[in-house]
Each structure stands twice: as structure tokens, then as C-alpha cells.
Amino acid sequence: MPREGILIDNPYERMTGEQIERVHRASMEILVDPGLTCFNQKAADIFAAAGADVTSVESDDHPTWLIKIPEKLVLDALESVPKTVKLGARNPANALVMHGEEPRVYFISGSETNIWLDVDFQTYTRKSDPGIEIQVPEFIPRRGTVADLCKSAHVCEHLETLDGYIRTVNIQDKDITEDNKDVNKFFASLNNTTKHVMAGLTSLNQLDNVVNMAKLIAGGEEQLKENPIISFITCLVKSPLQFVNDTTETFIEICKRGLPIVVSSSPQAGSTAPIKEAGIIAQINAEVLAGITLGQLVNRGTPVIYGSVPVRARMDTLADSYGAVETSQYNIDCVQMARFYKIPNYSTSGVCDSKTPGQQTSIERLFSDILVTLSGPQFLHCAYGLLDCNSVFSLLQAVLDDAHFQMIKFFLRKPRIDEVEITDTLKQIRAVVQTPQKLYIKYIRKVMRTGELSPSYPFEGDGETDNVFALAYEKMNELLTKPVEHIDQATTSRIFNEIPGLLPRLNRKSERIPRSLLRGTSMYMKKGNIND
Amino acid sequence: MTEDIIAALKENVIQGRMTQDDEGIDESLTGPGVLELTQAALDNNIPADEIITNGITAGMEIVGERFNAKEYFIPDMLASAEAVSAAMDILKPHLEASNIETKGTFAIVTVRGDIHDIGKNIVAILLKGSGYEVTDLGIDVPTEKIVEYVRENNPDYLGLSALLTTTMLAMGDIIEALKAAGLRNKVKVLVGGAAVSGEYAREIGADAYCVDGFDAVRVLNTFQETKS
């Protein structure tokens, strides 16, 4: 049995059927006029062979083509693209089965940030009354490491609401290179969670090493096909309307291997897409459909996910504003478009503009988490722990986010109003009104212990004291001490013998958590100095 | 036989099962509840003080411990207190016949102009469950009626409840009326309710402010200890 997710009975929809149709028509027009600029020869050749209008464009630096994709090609692709995509998991009970027409939501972490945010608690004494002390969290940004990735996967394994794992942090250790990053990030993730693992690929020449590693863990090629424990995400189309050379190449190769892949586009309304809703949605839809079409031309029937990460620009910096209300509107529109095509959707919520955990973070995150969840995307990249517009990851925030999602999941339980409930309740009412106190309190007791009542906020302090961060920190450390089911030693040995590039320190011989995983390093870095 | 009944009574107090129809926390526990067991104890000539000490009080002590350990919540505490309260009604004539004294007499009332009684009722249940003899005078009770009751029944404690900022003003009037009737020193006045505060209690000359029902039990127990 796969994970249950949350089935949204009546998904929230912004667009009417007529508006969806209009967006679809506009996207079809965009794919023909102006079409897409393509910097990848293979893609140009594939489209040309399939009957698209492909012309070479003169360019001083890159070989460039203009591709006009006729509607028929897109409709053929939409015909062959699987309407159900399974994302497997080391523990089969953690598999995710996504039907394009069914608004069943899975909550996923991610995505790769350069900065890892440590937290430390400093004690401050009141000047006017030294007897009064308070503890204030201090957040310390630093470069993400392999140890952090292990730690994050470990905690995410134990976060109850988290259904799948997109790696949270970019590994930037000194011994990590372009050529060994992929195997190490996939192994570090897979070895510390039994949930599904999705990631982008840094280097195409590592693709087969990663796939072979997955085969060893899954038990063979067929087993991996049946239970795809890994999947990929690619941004092959850069907005506006450009097939990027390297990611398109990667996309084509992944499609050939038949593993699930997200066709993702992330236009920014105001800079790389029109600021108006109709414009950005028509464009992103065209971009994703172009990618899906290419995938089906490469390998008909290959499982793809409609990946939409539209975002509005901040007016002060022109950076992405995930906290903007419009960002949630765009994401919900895309959920509707994907459902219109019956393709499972990867959507985004929870990413916030704020830089550290706090009130703004909670407001921005909860706002988009609730709304986008209600629209029913199948694969909701709700970004546990992500801060500062996708550039900072805080494990403490991920633990706080889990509490948010517990509330959302509870809220989305189906109402229990049936004959039995009504009969019981009438009996209760008639009994209580005859008592002198007229209180229903004793009837709470059974309900209280069957999980029918929503629990209190888990990080509530005593009285007026705000202990949210301290309590969440305690919880985080508690989760780190809980054991994780690692890849068995025999398979691990085979992986280390057969897959090149793995860091020896990841070959754990025992269940003991290395001290390095339980503490941060002392290397502080300013954001913006790090290049992936 | 005696030990079995008392042990079952204690367990049913812990489980908060007033009657045989009630569900406790442990669903496997069925059979007679606190009311039936109290009656069975009396029918078997078990002395009332033994019923209270080894059955009811022993059970309530465990309920208190579990509440303090956060294993029990307010609904659990109230269910047990309500069951004990009902048992005390059965035991009352036997206590009087045996010259066994209750912890103290407590009259509770929602003041004039106010009809809110949830808090008042909870306080009454908890105090009764803790061994006080409680008389509930009801809601929207005129000041004169309260003074009259105190004059005629001489309760040890008088609890005044009000939810609203407008109706809590009647509390001050009641204290003044008790003074005018020469009764103020004969009864300790406790006030409580959403609008009331410790500061307000001091302002009107009340003897104590109780945050909630549990606080009321604590305050009364303190007064009792001081008295003894």
C-alpha cells in the first residue's frame, strides 16, 4: 500500500473551465508563435524529425534553433504521457501513487539550498532586573555539507507529514566535486530515509552511476522499474521559452532510461514572464508542455510530472517573491492546468521571503501551504525548512513546518455526519439537558483518546512565555536520536565497490550517529559568496 | 466482599464512571459504576467513612496525580469529580447519622444580571468531588436572596461567579450588603469568572480570587488548613 496522502474532495479552483480553455489555446499559440529558442541540437533534431518547424538561427556564440511545435505534436504527447505516476521508495509503504485526475496531495521537502542555518540559544539577562533571563535563538548561516544532508534526510524520515524527500541542501564539502556530487547526494539521501528521493542531476556523466546505485538498492533493473526509488527534476526550459543546452541533454537521457522526471519551469512574473496572471500562466503552460512533448518524443510513455514553479518578482529587488500572494495564485492555476491534461502536478508552496524562522515565516508559509494544498496538487513541494526564497534551509523550521502540516491534514479530514453519529449525538443531548450541570464534558474523554480531536500546538510554552523555537529544537534533536533504517550492509558494500566517487565516510558500519552529524561546523559564511 | 467493593469503587472513581452505563478510559471496564458501588457498599454495611477514605478519596488522589503528570486532562478530572459528587449525595444522610463532618460548606452563585454558569458548574463539581458540601444557588440571583441564604444557612464559604465586566460589579454590591447585614465576618467570599481578576477581588474586599475550579479547590483547602 502506498502512502495515503490527503485526498481533497472539492479542490479549490481559481479559473473557470472557460478560462482554462483560454489558457490552453494561448499556450498552443505560443508554441507556434513565437515558438521556443533551442540551444540543444538533439532536441532540435528530435522535434524536426517529429514534424515540428525547426530553423537554424544565426548566433555568434551558441548553435541555436527556433522550434515551432504544432498542436498535433503536443496533443499526441498528451495522449501518450502516463496519467498515473508511481514514485517508489526503499520502504514500499512509502511509495507515492499519483493519478493526474485525482487531487490527492503528497507533501514533499526541498529544494537544494546553498546555506544551512544552524541555531544556537543565547541567554540574555534583563538589565533592570538581573533575576530575569530569556533565551533567544541565534541563527547562524553556513555552507551546506554532506553531513547536513544526512542529518536532514534523517529528520525528514521521522517527520510524520512529510511524504517524500527532495534533498534540502547543496553539498559543498571540500572533497565534493562536479564528478562525485550526484552519487554522494543520492546516496546520503537514500541511506537516511526510506521515503522517495528526488533530485536534480549536477553532471550528466554521473547519471548511470546514480541509476546503477538505485538498481542495487531496489534489487535490480526490473525492480527499479516497478519501484522507482529515485526520480529527477529538470528545468530544461528557461523562461521565457528557451530550451537550455545542458539540462535539455540531461532530460533527454533521463527520459531514455524511463525513470520518473519532473518537467519544471520557473518563470518570474515581471521579469521572465508577463506580470499579469493570464500571461505567466499561458507561458509556463507552454513551457511545460514543450518539455513534456520532447519527453514523449524521446521515449513514448515515459513518466513525467507537470512541474510548475511560477513566482512573482519583488518590486524592490526583482528577486523571486515566494511570499507574494500572487505566487500562490499562479501555482493554483498551474494545478488546474495539469489536472486539465490529467497529468500529475508538482507545485510549490511554503517557500517564504523571510530569512530566519519567525512570525513572517509562519505567516507566509501557512498562507500558501493551506491555499495550494486545497487546490489538490499531487506532488506539493511545500519546502519544509526553506527560507529566504529558496536559498536557506533550516532543520528547525522543517520541524516547525511539520506541525503546520499536521494542522492542515487534520483540517482536511472528511466530516463525520452520518446516521450513527446523529443517533449518538441526539442521545447525548437528551441525556445532558437532564443533568443539573448541563455539561457535555464527560463525552469528550473517549473522543480525546481516539485521535478525533486535534492536538494542541506541540510547541506551546507555559503561560506567556514563547518557547516555540526551544521546544522545536528539542523535538529536532529527539528525532535525530531516533534510529533510521539504513541501506543494509551487504548492499552498501556492493555500492561502495561498484559505484565510483562515493566518500568513504558515508560507509557507515554501525547505527551510531557520528558526532559530526549532530553538530554544525564553525565555518560561517555570508550568503551570496557561494556559487554552486 | 468489602474489599472487592471498595477496590471496584476506587477504580471506577479513577475511571470516572458514574453509572454502569458510562464509559471509562479503559473500555474493558464494565459493570457497576461509582453510584451503584456506593449503594452496594452501604447495602453491605460498609461504614460511610471507610467508603470515603478507601474508595472515593483514594481514587481521587490517583486522579489528581495523573492530572499533575499530564496523563489526565480536565474532562477526566471532571468525570471523576462528577461521579464522586453523585456518590456524596447518596452518602450525605449516612454522614450526618454518623456525625462525620464534610470538609466545609460552600454556596455558589452566578450574580444578578448574569446567566453564565459553565464555570460555576465546574467549580461546584470539583469542590463537591473534593469533599465539600456544595449548594448551588443558581444563576442571575438577586443580592438580597444571597444575603438571606447566608443568614439562614451560615455557609463557610460563598463563591460568586460572573462572566461579564458589567455583571461583575454586583460582586462588590454583595460584599457591601453582607457587611450591612453584619454577616461579612461569618463567611469567606471567593470570586471568579472570566472578567474578574485578583486586583478586582482586592478592590471589592473579597477574601480570594480563584482563576479556575482547580484553583478554587486549592484556595479552600488552604483556608481549611488555616482553620484547623
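Trainee: What makes domain 1 and domain 2 of chain B domains?

Mentor: An automatic or database domain assignment sets the bounds. For chain B it gives domain 1 (2-97) and domain 2 (105-227). This is a predicted model: local features need pLDDT of at least 70, side-chain atom pairs count only at pLDDT 80 or more, and totals for chains, interfaces and linings use all residues. Residues are numbered from 1 along each chain as its sequence is written, with chains lettered from A and ligands numbered from 1 in the order in which they are written.

Trainee: How many residues does the contact take from each domain of chain B?

Mentor: Domain 1 of chain B gives eight residues and domain 2 of chain B gives five. Contact means that C-beta atoms, placed from the backbone, lie within 7 Å. On the domain 1 side, α4(B) gives the most, seven residues.

Trainee: How do you know that the span of α4(B) agrees with its residues?

Mentor: The expected span is 1.5 Å times one less than the number of residues. For α4(B) that is 34 Å, and the end C-alpha atoms are 34 Å apart, so the two agree.

Trainee: Where does α4(B) bend?

Mentor: At B:L91, by about 50°. The bend is the angle between axes fitted to the seven residues ending there and the seven starting there. A proline, B:P93, follows within four residues.

Terms used. Contact = placed C-beta atoms within 7 Å. Helix = DSSP H or I, 4+ residues; strand = E, 2+ residues; numbered from the N terminus.
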